[in-house]
Structures are given as structure tokens and as C-alpha cells.
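Subject: Structure for you to look at

Dear colleague,

I am passing on the structure we talked about, together with some notes on what was found in it. Please open it beside this message, so that you can follow along.

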Amino acid sequence: MNKDIYEINVNDFEVGKPKTEYVIFPSFYGMQRVRAPLYVYRATKEISPCVVVTACIHGDEINGMRIAQALMTEKFKLSQGTLIILPMVNIYGFFNKLRYLPDRKDLNRCFPGNMKGSFGSRFAHFIFQNITKYGDVFIDLHSGGPGRFNIPQIRCDLELSEVNSIIEDISIPLVANSTLRDGSLREAINDLKKPCIVFEGGEGLRVDPVITKYGVNLVKSILAHYDMISEAAEFNEDKFIIHKTKWIRAKQGGIFLSKSQYGKVVRKGEVLGEIRHMTGELATTIKMEKDGVILGMCSTALIMSGDALFNVGILGDTSIDDEEEFFDYFDFEM
Ligand SMILES: [Zn+2]
């Protein structure tokens, strides 16, 4: 792996000229050269504030790559600092349309990594060292897996004051607060006391233009927060903080038919969908167990017992009356 070490050197990039280059990643089997795109836009000699955008840490979550591409090809003016984008971090999974690395590890369980560990751990180490030597704030783009659609939402640790101040200015109103200890990039960045915002939106192996729009606006809203772009963005909206999320799973297998909508507040007892036998007879209905919001939904019809059907965000009892009427921010229109 030593010969494969790649390095991001922001100083190689000219000030005022956004550029995408290819950098060398660890080769396939010590033989096949692997390159991955890297975008750097230095507005000023001073690198800070530096925003780092990563996508495809899960190789099949390609909507993040599309968000990154849209940013990389859009002509916008950065007034200070640096924007670094790595659109295909797990390029191995990306090549194979898979979430995982070639050693079957989940890269987002390997951070911050260790150069004496497994391939996943070493690769995580290289990525982590490269991006954290410059980055002041990190945006990691994800989606649901194949067959699971997530509405645009943020996952972050609101206990970090820097995160709290960013959240006020971002374009996504749904914020799931969590303090995971799971080897994710977000956790490793949190440990450095730097802010990391995870965007979840869309479905694995698919590119959705609406999700792309939400993702691009999110990055721009964070650039605006750091006074790096001057666009007077209409980003700031009320935020709905979710403290707990839960998967509702199929009690039995069959044909799944959803009766619900993304991003809607639903009350305890409301029917979210149904499962039918192969004969067409109703097998079971799926009901909301507590008041909450539909954050994600299974988008495939053939269901096995235990399959995840709805990802719901649980809302507090006091907040639901206020939110019920207008909580449908997710707009399918472009
Ligand atoms: Zn992911």
C-alpha cells in the first residue's frame, strides 16, 4: 500500500481557479491503478475557513456523488477560504455498485483508521489524515440504501456548539440529533471538536434531481454561514429537532403497499401501509406507534418478515400540534 499513498496538497491548486484533478488511491491488488476525482477551490491564499464535502463513503449512495458533481461544475464565486470536494471516497464500492470496501468492511465504521490495521482501517486513515489537515467543517453526503428512500435530513451532534450555530443557518429543516460512537467519519471528526454535518437524502444507486437540489443548497447554506459565498440565500427555516429515530419493520412477508407520504407528521395509530398475501388478501396493516415524522420509506414491494419499511422520527408530545399543519416541507417539484 505504501506506493499507493495519495496526498491532497491544497497548495498545488492555484488561488481563484477551481479545479478538478485525479488523485491516486490504493490500487486493486497491487496492480490496477485507481484514480478518484478531487475538487479544490481556493478563494484566497489563506486556506481557512475550509469546508470539506465527502460523498460515496458508502459506494452505492451515488446521489451524494451527483450533489458533489453539481457543485463542482457550477460557476459560483467563493469569496474566501477553500472548498474541497471528494465525490467518490469509496471508489471501490462505487465501481462495483456496493456499499462496502473490497475487504467487505463498511468504511463508515473504520474512522479515524489505523495505518497498521485492515485495508478498511488503513484506507480510512489516509482519507481522514488528508481531509482533516485542512478542513474546518465537514459535510458528508449519504442516502438510504438501494430500495430505501430518505427525505432530505441532517444528522449531527447538537452538543457541539459549532454544530448548533451552523444548524441555525442551514437549508434543511429536519435535524436528527445523535451522538453515535460507531467509527463513522462524523464521530471521528466530532472527536477533533470540529463540526461534521451528515446529509441523508434519496435512495441507493439512484440519482434524484430533487435530492440533488436539496444537497447543493445545503452545502451553499454552510458556505454562506462561513461568509464564503455572498448569495443572499433563502436558506434559513425553522428547524425540527428529532431526538430519536426508529425503523418500523414488517411483521410478515408479502407485498408491501405504502399509504403514507414522505416528510409528513403522522399520529399514533395512523395507518402507514399494508402487506398483502400473494393471493391479494390483506395480511396486515402497518400503524404508527407514536407521533412522528416519516423520514424514510421502503420503495420496493416484495417484503420478507423483518424488512425495514418506515424510518420514523419521534416528535415530542408538546410540539406536534404546532407542526402538524405545515410540516410537509419536502417538495418533489424542482
Ligand atoms: Zn451512507
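The notes below go from the whole chain to its domains, then to the core and to one helix.

Please keep in mind throughout that this is a predicted model. The chain has 7 helices and 17 strands, and along its principal axes the C-alpha trace spans about 65 × 45 × 35 Å. For 334 residues, a compact globule would have a radius of gyration near 20 Å, and the chain agrees with this because its own value is 20 Å. Buried residues make up 43% of the 334 residues. Of the contacts in the chain with a separation of 6 or more, 65% are between residues 24 or more positions apart.

The domain assignment gives domain 1 (2-225) and domain 2 (244-324), and their C-alpha centres lie 30 Å apart. Where the two touch, 10 residues come from domain 1 and 12 residues from domain 2. On the side of domain 1 that touches domain 2, the elements giving two or more residues are S6 and S7, with S6 providing the largest share, 5 residues. Sorted by class, that side of domain 1 has 4 nonpolar, 4 polar and 2 charged residues.

The largest nonpolar core has 86 residues, and those with the most contacts inside it include Val-51, Val-53, Ile-139, Ile-197 and Ile-222. Helix H6 (residues 209-225) gives the most to this core, with 7 residues, and the core draws at least three residues from each of domain 1 and domain 2.

Finally, which residues of helix H4 (residues 161-169) are buried? They are Val-163, Ile-166 and Ile-167, and because they cover an arc of only 105° around the axis, they are on the same side of H4. As a general point, an α-helix has 3.6 residues a turn, so residues three or four places apart point the same way. The face of H4 turned away from its buried side carries the exposed residues Ser-161, Ser-165 and Glu-168. What covers the buried residues of H4 includes strand S6 (148-156), strand S7 (174-177), strand S8 (196-202) and H6.

With best wishes

Key: Residues numbered from 1 in each chain as written. Predicted model: local features only at pLDDT ≥ 70, side-chain atom pairs only at ≥ 80, totals over all residues. Core = buried A, V, L, I, M, F, W, Y, C linked by C-beta atoms within 7 Å. Buried ≥ 20, exposed ≤ 12 C-beta atoms within 10 Å, placed from the backbone. Helix = DSSP H or I, 4+ residues; strand = E, 2+ residues; numbered from the N terminus. Domains from an automatic or database assignment. Rg over C-alpha atoms; globule rule 2.2 N^0.38 Å. Contact = placed C-beta atoms within 7 Å. Arc of directions from axis to C-beta. Nonpolar A, V, L, I, M, F, W, Y, C, P; charged D, E, K, R; others polar.
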